[in-house]
Amino acid sequence: MEQRHLGRTGLRVSRIGLGTLTWGRDTGEEAAAEQLKTFWEAGGTLVDTADVYGGGEAEYLLGQLVGSLVPRRDVVIATKSGSVPDPDRRFNGSRGHLLAALDDSLDRLGTDYVDLWQVHAFDPHTPLEETLQALDLAVSSGRARYAGVSNFSGWQLAKAATWQLGAPGTRTRLASTQMEYSLLQRGVEREVLPAALDLGVGLLPSSPLGRGVLTAKYREGTPADSRGASPGLAALVEPYLDEAAGLIVDAVVTAAQGLAVTPLQVALAWIRDRPGVTAPIVGARTSAQLGAALSVEALTLPEEIRRALDDVSAPVHRYPDQDWSTL
């Protein structure tokens, strides 16, 4: 699998990442092992997790498999900290919480360091410079090799990345930002992506298949074994089952038929090769599903198909968003 630099750093990762959101919850040890082995054998290196995935079980599972199933040196482990199970405060970006959470993650992962450590979300109740200091301390202490953020809006990302580049002292450049991005969700193109491109921050798209909708499996109804049929996940899928999304899915299906590939491959190839994207993060229920996604490595969309998909899914830009002067 082709490797790419993560933002304006020396860290290289596979251009498709493996997500572990369901590990330890819906995905057990055997299935997780099969996925990791399939990913590694395909040349994949970037594995994304978080301290709250499966209540910590995702990190624990990954820690059990790395070293015993695949060599640690072959895996770029990315984890996140900052989400908390508190109805009054969903995110805690305080220095104390973040560093303690990182130490707990390292214990579960069974490693001395993570390759990439990301703040899971912006915390409006903590000064941003305090949150960023936690990243600096993690890197300077060797507990993390690179640092990034997740779910930051455009102004939040720009402020954080600029602070790290311009503040006095030894600061850690932001390597990444992780955001939802797909043909069905192009909101990051308004402000986040321009900021990331300008400041040298690599984008790691989550839900690159539109929460599964872009595979076209919901065109004729909701499959019984799908996320849309799951009581815990149906609410995540429902917003992408409207008429507007259906037109985009139809375009993806048409493109797939013309290329003799699957809708999944078309949608994943489109997001993988967008400007500023380093590696979409793909989650799967089975190793077979993951293998189907990894087969996209051989596909590059023809320019005319890429433009057609751009057009049918184009978000509405209004003043004062980027390129407002052309409206």
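**A parallel sheet, its helices and its spaces**

Eight strands form an open sheet in the order E9-E8-E7-E6-E5-E4-E3-E10, and their pairing is parallel. The edges belong to strand E9, residues 202-206, and strand E10, residues 281-282. Each of these two has a single partner strand, so one side of each is left without a neighbour in the sheet. The model is predicted.

Now look inside the sheet. Strand E4 covers residues 46-48, and strand E5 covers residues 76-81. The two run parallel and are joined by three bridges. Asp48 stands opposite Ala78 in E5. Helix H1, residues 29-41, packs on the sheet. H1 touches E4 and also strand E3, residues 17-19. The direction of H1 makes about 175° with that of E3.

Next come two helices that pack on each other. Two packed helices are described by the angle between their axes and the distance between the axes. For helix H3 (residues 95-109) and helix H4 (residues 128-140), the angle is about 35°. Their axes are 8 Å apart. The crossing of H3 and H4 is right-handed. On the H3 side, the contact is made by Arg95, Leu98, Leu99 and Leu102. H4 brings Glu130, Thr131, Gln133, Ala134, Leu137 and Ala138. By class, the contact of H3 with H4 has six nonpolar, two polar and two charged residues. Arg95 of H3 and Glu130 of H4 are the charged residues in this contact.

What of the empty space? Rolling a probe the size of a water molecule over the atoms shows where such space is left. A search of the whole structure finds one cavity of 30 Å³ or more. The largest cavity has a volume of about 30 Å³. Its lining includes Val119, Ala121, Phe122 and Asp123. Thr126, Leu128, Thr131 and Phe152 also line this cavity. Five of the lining residues are nonpolar, two are polar and one is charged.

Notes
Residues are numbered from 1 along each chain as its sequence is written. This is a predicted model: local features need pLDDT of at least 70, side-chain atom pairs count only at pLDDT 80 or more; totals for chains, interfaces and linings use all residues. Side-chain values use heavy atoms; hydrogens and water are left out. Two strands pair if DSSP finds at least two bridges between them. Helices (H or I, at least four residues) and strands (E, at least two) are DSSP runs, numbered from the N terminus. Contact means heavy atoms within 4.5 Å. Axes are lines fitted to C-alpha atoms, for helices over the stretch in contact, and angles run from 0 to 180 degrees between N-to-C directions. On a 1 Å grid over the protein atoms alone, a cavity is a set of points where a 1.4 Å probe fits but cannot get out, and a pocket is an open set with protein on both sides within 12 Å along at least five of seven lines; lining residues have an atom within 4 Å of a point. Grid points are joined across faces, edges and corners, and a volume is the space filled by probe spheres set on the points. A crossing is left-handed if the near helix is turned anticlockwise from the far one by less than a right angle, and right-handed if clockwise.
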